[in-house]
Amino acid sequence: MNIQKIGIIGAGQMGSGIAHVCSLAGYDVTLCDIKAEALTNALATIRRNIDRQVSRGKVTAEDRDAALARITTGSELSLFADADVVIEAATENEEIKRSLLKSLVPHLKADALIATNTSSISITRLAAVTDRPAKFMGMHFMNPVPVMKLVELIRGIATDEETFAAIHDLSIRMGKETAVAEDFPAFIVNRILLPMINEAVYTLYEGVGNVESIDTALRLGANHPMGPLELADFIGLDTCLSIMHVLYEGLADSKYRPCPLLVKYVEAGWLGRKTGRGFYDYASEKPVPTR
Ligand code: CAA
């Protein structure tokens, strides 16, 4: 299958990162979001991040300009009429994703593929709301998308081999490596990563350590590039909580219960870096622990 035009739904941190790597890999990209402000911010972020790659000699100025020129933005799903693949990267909320996917399909070419960047929700269930479960699969990118090498690939029960091969090839052309996961709650990366983050929040909640000691312990004691609480703020505490809910409900095991402190932070609107406050306060140049 010849893929040239890629549609991306959602211009948040994942959607803009996916647009960044797709455009640099030579694809025409249409980035769609209902919020005009999200699109303006996404374009500024993509430019800033490619500029950083130019300043480090990883991308040439001509390639940057050509990549930026390949990105079109807008708010209408009808913009995807000629897309070969649409990658859904909306908020990690099943109702939102289902309703978006339902509205999307009438606008697509008959042979267009759909990939979802969900980090935890059942691919089979999302595929079932579309008219093409055989042409639907999970393509889970990691944050920050331009830096992280992995794309996790997940087939739904109905995904056909042609679709799998096309999305696998696309991932490789984007310069990524792949790991294949079965369609179970949170797949591989988040099945392992999120319980660790949740346990770090319990460690804080029970007073075993403070924010700084927990993050230092894992950074220096296990060689993690970021401590678990710093990473939680980076992912977004709302996303962390919704993945824990998917694990807890999907696997019906109390070991996945979300820590009440994580729930409290989300209820307070302290969602991490994106809202300026989470386990750290980001108001000053150097983040300050909030506990
Ligand atoms: N775009 C382009 N390049 C970027 C970038 C971005 N958004 N962010 C960082 N970089 C580049 C920098 O330019 C730099 O490049 P060089 O190696 O050429 O110098 C390199 O990445 C390292 O960046 P920094 O020196 O600024 O910062 P750092 O060394 O502290 O690394 C980090 C930053 C890569 C984010 C690192 O801290 C890290 O790996 N953290 C862990 C990230 C992680 O675990 N992500 C997965 C989250 S889980 C997930 O995404 C799944 C889910 O569904 C929840």
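**Exercise 1.** In this predicted model, find the salt bridge between E162 and K135, and work out where each partner sits and how far apart the closest N and O atoms are.

*Solution.* Start with the distance: the closest N and O atoms of E162 and K135 are 3.2 Å apart. A salt bridge needs a Lys or Arg side-chain nitrogen within 4 Å of an Asp or Glu carboxyl oxygen, so this pair passes. Finally, look at the surface: E162 is exposed, because its relative accessible area of 52% is over 50%.

**Exercise 2.** Now try D160: which residue does D160 form a salt bridge with, and which parts does the pair tie together?

*Solution.* The partner of D160 is K135, with 2.9 Å between the closest N and O atoms. D160 is in the loop between strand 7 (150-155) and helix 6 (161-173), and K135 is in the loop between helix 5 (123-127) and strand 6 (136-141), so parts 25 residues apart in sequence are tied together. With 22% relative accessibility, D160 is partly exposed.

**Exercise 3.** Where do D238 and K274 lie, and how many residues separate them?

*Solution.* First, check the contact: their side chains meet in a salt bridge of 2.9 Å, N to O. D238 lies in helix 10 (residues 237-251), and K274 in the loop between helix 11 (260-267) and strand 9 (280-281), 36 residues away. D238 is partly exposed, at 25% relative accessible area.

**Exercise 4.** How many salt bridges are there by this rule?

*Solution.* The count is 16. The model also has a network of salt bridges linking K5, D28 and D82.

Definitions and conventions. Residues are numbered from 1 along each chain as its sequence is written. This is a predicted model: local features need pLDDT of at least 70, side-chain atom pairs count only at pLDDT 80 or more; totals for chains, interfaces and linings use all residues. Side-chain values use heavy atoms; hydrogens and water are left out. Helices (H or I, at least four residues) and strands (E, at least two) are DSSP runs, numbered from the N terminus. Buried means under 20% relative accessible area, exposed over 50%, partly exposed in between (1.4 Å probe, protein chains only).
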